[in-house]
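Please read them with the model open.

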Amino acid sequence: MSLGPESLKGKKYPAKQHARNVYAHLKEKNLSKAQTSVLFISGEDNELILYSDQNKPFRQNRYFFYLSGCGIPGSHIVYQPQNDHLTLYLPNIDWEDVMWSGLPLSLENAKLKFDADEIKYVETLQADLESINTVHLLTTDINKSNIKFASILKEGDKDLFYAMDEARLIKDSYEIELMKHASKISDNCHLAVMSATPIETNETHIHAEFMYHAIRQGSKYQSYDPICCTGPSCSTLHYIKNDDEITPDKKSVLIDAGAEWECYASDVTRCFPINGDWTKEHLEIYTTVLKMQAAAMALIKPGASWEHLHLTAHKVLIEEFQKLGIFKSEYSLEEIFESKVSARFFPHGLGHLLGMDTHDVGGYPNYADPDPLLAYLRIRRDLKAGMVVTNEPGCYFNPFLLEDTLKDPKRVKYINKDVLDKYWYIGGVRIEDDILVTETGYENFTGITSDPEEVSKIVKAGFKKNFHNIV
Ligand SMILES: [Mn+2]
């Protein structure tokens, strides 16, 4: 039985429509260029590790995949908008390699699988490209796979990237099904991790548990390196060392991991107490982050400003910190907000676009923004229906990050240091769900619970159940 989503059985990845969408954006951006352009993208090819006969891990080029739906190394795609013709070029059959790798997909079977008008072998590509009568043969980049056509290609065209990114920004129903499937796999993996704490005596075990369940469900590649941390390490945003012992003094677990399905990502973070019992401080911070997420979630709809959502989450953090006594209540929320002191407790953005890339294209972040509240915000535009975003507020107690704040009289005056000292051991909390913006609001793809009581129950139920049955 194939492991893919039932809803897509017998359907093709809509590459042709994607090519048309890209062209529509190119026309809107630069009509004269669009009218005289043909699009050409090379996929990734297998590459050997230096001084070895083993391949580097293969990751398909996302722009190529968007126009082809093809994961075969060494392929190319050409779209001629003037006659709406999409041609996929597959690598020539290397008969020497068939002994090792088996026969590749035949052109006939490729025709059944891929949404292209024509499927050919690469052997005709050079002649075909030379015969195309066009002013611009636009491509993303000239690389090892297409260097021999360099004289006729125009690489790095800004309008082409704009058109591709705007097209990729809005997900169609086929892409949404792929992403829902990736999310479903991640739900099962996160549940398995939460359910397996008795065997998790090292962060590596958390990583292994997630990967085992992902691969078992057919997701051989993760959207990104899983982040599996415990205790104070939960304050390192992209912690991928995942090899510390889980000693009894560590109370908190944070796992940020997402399975990939057919080049489409999921990106989910869950936190839980290692033995199922929340400590007072851990639960307080967890509840704070949950409230930040809920406040932002309620605002998700077309036209909403992502910056507004992000800053709303900051205000919730400040309000909750005042209730907990971490921030002094003698100051107004507005004053603390304006001081930007919350930026070192919630240093990253509320979330990012999600698609084929984990941090997907089209968000136009401004990492040079002098405002510390906005510098790491990866979406600097209003929401549109069809975007998929992550809603992932966090709250961290990182000595390195807070060092300058604690030495700065202008900001430290808002902080009760004695109260703050009670929270360092948690490291941090992040809660992350994958959200489709719909015409009327949003749909949450992420199904694994984030309710603290339910999480506690799952962890406590632990290994008594046969967790292999859940996938
Ligand atoms: Mn994320």
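1. In this predicted model, three strands form an open sheet in the order E7-E8-E11, and their pairing is antiparallel. Strand E7 (227-230) and strand E11 (268-273) are the edge strands, each pairing on one side only. From one strand to the next, the twist averages 10°.

2. Strand E8 (residues 252-257) pairs with E11 in the antiparallel sense over 6 bridges.

3. Thr 230 stands opposite Val 253 in E8. Are the residues on the two faces of E7 buried or exposed? Ile 227 and Cys 229 lie on one side, Cys 228 and Thr 230 on the other, and all are buried, which leaves both faces of E7 covered.

4. The domain assignment gives domain 1 (6-169) and domain 2 (173-464). Taken over C-alpha atoms, the centres of domain 1 and domain 2 are separated by 36 Å. Their contact takes 14 residues from domain 1 and 11 residues from domain 2.

5. On the side of domain 1 that touches domain 2, the elements giving two or more residues are helix H3 (62-68) and helix H7 (158-169). H7 supplies the largest share of that side, 4 residues. By class, that side of domain 1 has 6 nonpolar, 3 polar and 5 charged residues.

Notes:
Residues are numbered from 1 along each chain as its sequence is written. This is a predicted model: local features need pLDDT of at least 70, side-chain atom pairs count only at pLDDT 80 or more; totals for chains, interfaces and linings use all residues. Two strands pair if DSSP finds at least two bridges between them. Axes are lines fitted to C-alpha atoms, for helices over the stretch in contact, and angles run from 0 to 180 degrees between N-to-C directions. A residue is buried if 20 or more other C-beta atoms lie within 10 Å of its own, exposed if 12 or fewer, and partly exposed in between; C-beta atoms are placed from the backbone. Domain bounds come from an automatic or database domain assignment. Two residues are in contact if their C-beta atoms, placed from the backbone, lie within 7 Å. Ala, Val, Leu, Ile, Met, Phe, Trp, Tyr, Cys and Pro count as nonpolar, Asp, Glu, Lys and Arg as charged, and the others, Gly among them, as polar.
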